[in-house]
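Here is a short briefing to keep beside the viewer while you look around. Please have the sequence and the 3D view open together as you read.

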Amino acid sequence: MQIDTSQQDLAWQEQALCAQTGGDFFFPEPGSSVREAKSICRLCEIRSECLEYALDNDERFGVWGGLSEKERQRLRRIRGGS
């Protein structure tokens, strides 16, 4: 039996607190606060998996792993990414 690695790799998303609260906090309108999303992320046990997913997949919008778009861009530059 072959395991679908894409589904297996994304299984962590089912455990994420954001999956239980909805996307509005995590994809706010431009200029809106991301404070609520970050406070939820701080409580999430899989925050690091989420952040790594966002960095690996070049997610450019929303809050992932507790970081905003600009914060992830800075982290990519520090790590030597694009």
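The protein chain has five helices and zero strands, and its mean pLDDT is 86.

**Overall make-up**
- Reading along the sequence gives the pattern α-α-α-α-α.
- Of the 82 residues in the protein chain, 28% are buried.
- The accessible surface of the protein chain comes to about 6100 Å², and carbon and sulfur atoms hold 49% of that surface.
- Taking the contacts in the protein chain with a separation of 6 or more, 39% join residues 24 or more positions apart.

**Confidence**
- In the protein chain, 88% of the residues reach a pLDDT of 70 or more.
- Among the elements, helix 3 (residues 35–43) has the highest mean pLDDT, at 95, while helix 1 (residues 5–9) has the lowest, at 56.
- Over residues 1–5, pLDDT stays under 50, and the model has one contact beyond four places in sequence for this stretch.
- Where pLDDT is low, the predicted coordinates should not be read in detail.

- The buried residues of helix 3 are A37, K38, I40 and C41.
- These residues lie on the same side of helix 3 because they cover an arc of only 160° around the axis.
- Their cover includes helix 2 (17–21), helix 4 and helix 5.
- On the face turned away from the buried side, helix 3 carries the exposed residues R35, R42 and L43.

**The loop between helix 4 and helix 5**
- S68 sits in the loop between helix 4 (47–56) and helix 5 (69–79).
- S68 counts as buried because its relative accessibility is 11%, under the 20% cut-off.
- Apart from neighbours within four places in sequence, S68 is in contact with K38 and G62; K38 is one of the buried residues of helix 3.
- D58 is also found in the loop between helix 4 and helix 5.
- The phi of D58 is positive, at about 50°, although D58 is not a glycine.
- Is D58 buried, partly exposed or exposed? With a relative accessible area of 29%, D58 is partly exposed, as this value falls between the cut-offs of 20% and 50%.

Methods: Residues are numbered from 1 along each chain as its sequence is written. This is a predicted model: local features need pLDDT of at least 70, side-chain atom pairs count only at pLDDT 80 or more; totals for chains, interfaces and linings use all residues. Side-chain values use heavy atoms; hydrogens and water are left out. Helices (H or I, at least four residues) and strands (E, at least two) are DSSP runs, numbered from the N terminus. Buried means under 20% relative accessible area, exposed over 50%, partly exposed in between (1.4 Å probe, protein chains only). Contact means heavy atoms within 4.5 Å. Accessible areas come from the Shrake-Rupley method with a 1.4 Å probe; for residues, only the protein chains shown count as cover. pLDDT is the predictor's confidence in each residue, from 0 to 100. The arc is that of the directions from the helix axis to the C-beta atoms.
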